[in-house]
Structures are given as structure tokens and as C-alpha cells.
Amino acid sequence: MSYMNQSQPNTHQPYANAYQHDGKSAETRNLKPGELSTGTTIMAIPFENGVVLGADSRVSTGTYVANRVSDKVAQLHDRIWCCRSGSAADTQALTDYVRHYLSQLAIETGRAPTVKTAAHLMRRLCYENKDNLMAGVIVGGWDPVEKGSVYNIPLGGTCIKMPFAIGGSGSTYIYGLVDSLYKEGMGEEEAKQLVKKSISHAMARDGSSGGVIRTVVVKEDGNTREYIPGNELPFGP
Amino acid sequence: MSLSLASGGSTRAASSSVTAATERTRRPIVTGTSVLAIKYAGGVMMTADTLCSYGSMAKYKDARRLQSINPKTLIGGGGEYSDFQAITELLKRNALEDKCTADSLYDEDASEECAREVWNYLRAVMYNRRNKMNPLWNDVIVAGFSAQGEPFLGFVDKIGTTYEDNIVATGFGSYLALPILREKYREDLTEGEARALLEDCMRVLFYRDCRALNKIQIAKVTKEDGVLISEPYEIETDWTSASFVVPKGALDGDGGW
């Protein structure tokens, strides 16, 4: 056996499959040079009669902030919204497709699509194109069947209904906070405060999140948008 | 293991045969971002934020990136924070030695290195490390007065490039702040004007640099008072422009970008 042979000089040979880090960070490694990323913090919490969705507003190319006031909460249908994270281009394209299909579906069926349908449409696109996309999406909204519901669709195209969802690079910093503060059966105001507080905390620690917080409250009777400027955050940057 | 900064770090090739034959330059882990400096009527002023990032994480929010070396010289550093701390320690040690071995206990001016001398020495240190392919991963600004008593501002980077000017900046500041500083620079800037100018630039950097913080320190070097470094304080930011508030993600919007 080769290892019995002691004639090799006593120099350390690096293991053939030793892990070498290439210096790229996790959230930007799949982006092409110059591609925009919504390295971001997004969040959605359903409450009794609706959903609160929230996001930061920083869009970065590398370490340059390309847009400090972007709008990452996009509308898919009258009462269905999604929060976008990952490549800005990919998520915009996905949003456009889902909007198109949902509006078609609404005409064909004669009624508003459910959040579940929207989420699964998004999942189909994310899953079938998983090799070419870098998109993490949270779909949330109100429909007559489930009332408020939230679906998390991370990289790869998993679609999973959740009691609350956080996503984006900044979400890693607030898992503990949200786990400790989230309670079942929160009301609208409580859910909104939790979203704002958590996103502020994530923005305070994540370099790829920042700017302002945009929230949307989706209920049966309408959508209410709110804008929290960067100097009035519940927790400072 | 060698403790001398300029000798290239631990004596790698000589240390055991267990380590690989060649050591490459490492990548920075804990990093500071821009430092800006400008000459004004009374001396020199420098500013930096108090953030050290751990990759993309804003980990250390009260890091001090402006350090006084001797009563006449101030340095500010961006890049790897541990290397900056090592540089600070080295320069302060030199200053202490100078003080203790001075010809006279009272003649302080003669024994203190002026800023230009510190800058030159630092150039040698950085270039020497660069030659060993093991740089101190920093961009440093040296501020103070030259031996002739003129305000001095010098820049040294991790490969030993140096230059001096009336306005210097490192990192993102060299792209975003330098043009602003160059437009507004005058030889007779008052202290208030210089400070407002630097704060404006730090505000722009906070908006546009992912690794910046809105908590900053300002330091000045003057003939009368020597080096004065402020406590960290927050700068104001503005998010109220109408076009910011208007959301773009609705069905009839442009997609939200």
C-alpha cells in the first residue's frame, strides 16, 4: 500500500480537495459582474383579516448603492403582493410574468385569483428555471378562501405556506428577534409594528439593506401603503 | 514569530516545513471604508465613520479609525482594521521612543516627528511589506504639519503608493467625495465651512456606500491645539423627496426597481 512507503519527503501536501474560499460573498457570488442585486430584507406577516408586507429599499451593485429608495413590494393582483429579493432583473421579470398570468386567469375564471394560485405560479417559474434565476420571493395577500396568507419561495423554487416569512440577506440577522417576538393571532397594528421593528434591526446590521421601509397592508377592502423614512426608523441605522 | 511589522509578518519560509512554501496575500476580513481629509485656513481636518464591517455585516459600530500619533500628527485608515491597529501601534511606539530619547526634556518640537516624516516612514513600511507579497491591507491618510510648519496631507496605500495634496480621500470617498471636495475647496476655508463640507460628503457616502454608517468622527490638527478628535456623532439624512415616497410597485407602476 502506498502509505507504507516512507520515502516521501516530509513536506505537507495540501489535500487535493481542500476547501479554498474564493473570496466572494454568499449573496453576490451568483451575480454577473455589474448585475444589480436587491441584497435586502423582506418580511410578511398575516393577521386575522389580511397581511402586512414590508421591505427595505436598498439596491446595490457590489458595494455601491444603485438605488436607495427602491420599491421592493410589487403588486401581482388587486389583493396579492410580493416582496422581491435577489437579482433585481430576475425578480422584475418574474413579477411581470406572474402579473400577466394572474390577470389572464382572473378573466378566464371570472373571479379574483387566490394567493395560493399566485404563489404556485411564482413557484413554477422559479423552479423550472432554477438554474438561471437568483430570486427569493415572499408572496402574500388576501383572498376570500384563506383570508390573509403568506408563502415563502426561496432560491430553488420551494413554495411553503408560513405563519410569517422573512427573506433576503438581512433576514439572517433577525431570526432570533422575530422568533422571540412573533405570536400567533396578532392584530393588524401589532403585525405592522413587528415588521417595521424587525426590518429596522436587519437594516442596522446588514450592509446590503438600508434606506427606507416600505410596507403594504392588504385587506379585503383595500391596500394601504406606508413609507418610513430612513431617519425615523424604530431602530437606528 | 516576529513581532516586527515591517519584517513581513511571521517568518513563514523559515518556520517549519509543515507550512506551504509560498504565502500569498490574504484578503481583508474586518474592514473600514472611506477616510476623507482636507486642508483649511487653520490647519487640516479629517473625517471617517465609526463602522468596521465583517464582510457585508455591520459588525463593529464604534470603531475608531482616526488616531493621533503624536501631538502634531493624525492618521486615518480604511481597509483591514487589524492591520490599521498594528500600524497605529507601530507609529505610536516610535513616537514614544522619540519622546523618551529626546535630547532635552523640554524641547518637544525637535524630537517629535512631523507629519511628513511619519508619512515617509509609513511609505517605507508599506512598500516593504508589498515586496514580501504580504501587504498591510490599508489605505492610510497622514495629516498634520510639515517641519516648516505648513499644513500637510499625505496618502499611503497598501502597495506603498504615496502622494500629497490639499484634498485626499480613500475608498469610495475617492470616487464620490473627491469631486465634491475639489469643487468647494478654497485655501481660506474656515473651520465651520470645512466641517460642513466634510459632513456633506459623509452623508453622500452613507447614502451610496453599502459599507458606510451615519455615525462619524471629525478630527483637526492645528498649530495651537495640536490634534483634536471629536467623539462619534450621528449625521442627519434626508429621505423626504416626493419622488422617493411615491411607490412604484403597484400594478400601474413601472415595476418597482
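In chain B, the axes of helix α1 (residues 81–100) and helix α3 (residues 115–131) come within 12 Å of each other and cross at roughly 130°. Axes here are lines fitted to C-alpha atoms, for helices over the stretch in contact, and angles run from 0 to 180 degrees between N-to-C directions. Helices (H or I, at least four residues) and strands (E, at least two) are DSSP runs, numbered from the N terminus. The structure is a predicted model, in which local features need pLDDT of at least 70 and side-chain atom pairs count only at pLDDT 80 or more, while totals for chains, interfaces and linings use all residues. Residues are numbered from 1 along each chain as its sequence is written, chains are lettered from A and ligands numbered from 1 in the order in which they are written, and side-chain values use heavy atoms, with hydrogens and water left out.

The two helices α1(B) and α3(B) are therefore oblique to each other; angles under 35 degrees count as roughly parallel, over 145 as roughly antiparallel, 65 to 115 as roughly perpendicular and the rest as oblique. The crossing of α1(B) past α3(B) is right-handed, where a crossing is left-handed if the near helix is turned anticlockwise from the far one by less than a right angle, and right-handed if clockwise. On the α1(B) side the contact (heavy atoms within 4.5 Å) is made by Ile87(B), Leu90(B), Leu91(B) and Asn94(B), and on the α3(B) side by Val118(B), Tyr121(B), Leu122(B), Val125(B) and Met126(B).

The crossing of α4(B) and α5(B) is right-handed. Gly173(B), Leu176(B), Ala177(B), Ile180(B), Leu181(B) and Lys184(B) of α4(B) meet Leu197(B), Leu198(B), Cys201(B), Val204(B), Leu205(B) and Arg208(B) of α5(B). By class, the contact of α4(B) with α5(B) comprises nine nonpolar, one polar and two charged residues.

Two positions in strands of chain B were also examined. Thr73(B) is found in strand β7 (residues 73–80) and is buried, with a relative accessible area of 0%; buried means under 20% relative accessible area, exposed over 50%, and partly exposed in between (1.4 Å probe, protein chains only). Not counting residues up to four places away in sequence, Thr73(B) touches Gln67(B), Ser68(B), Glu113(B), Cys114(B), Ala115(B), Val118(B), Val142(B), Ala143(B) and Val227(B). Ile167(B) is placed in strand β11 (residues 167–169) and is likewise buried, at 7% relative accessible area. With residues up to four places away in sequence again left out, Ile167(B) touches Ala37(B), Ile38(B), Leu153(B), Leu178(B), Leu181(B), Arg182(B) and Tyr185(B). The C-alpha atoms of Ile167(B) and Phe155(B), twelve residues apart in sequence, are 9.8 Å apart in space.

Chain A has four helices and 13 strands, and buried residues make up 50% of its 237 residues. Among its contacts between residues at least 6 apart in sequence, 62% join residues at least 24 apart.

Over all chains, the structure holds 18 salt bridges, each being a side-chain nitrogen of Lys or Arg within 4 Å of a carboxyl oxygen of Asp or Glu. Glu188(A) forms a salt bridge with Lys219(A), with the closest N and O atoms 2.6 Å apart. Glu188(A) lies in helix α4 (residues 188–205) of chain A and Lys219(A) in strand β12 (residues 213–219) of chain A, so the pair ties together parts that are 31 residues apart in sequence. Glu188(A) is partly exposed, at 24% relative accessible area, and Lys219(A) is partly exposed at 23%.

A salt bridge also joins the side chains of Glu226(A) and Lys196(A) (2.7 Å, N to O). This pair links distant parts of the chain, with Glu226(A) in strand β13 (residues 222–228) of chain A and Lys196(A) in helix α4 of chain A, 30 residues apart. Glu226(A) is partly exposed at 28% relative accessibility, whereas Lys196(A) is buried, with a relative accessible area of 8%. Salt bridges that share partners join Lys192(A), Lys196(A) and Glu226(A) into one network.

How values were computed: Ala, Val, Leu, Ile, Met, Phe, Trp, Tyr, Cys and Pro count as nonpolar, Asp, Glu, Lys and Arg as charged, and the others, Gly among them, as polar.
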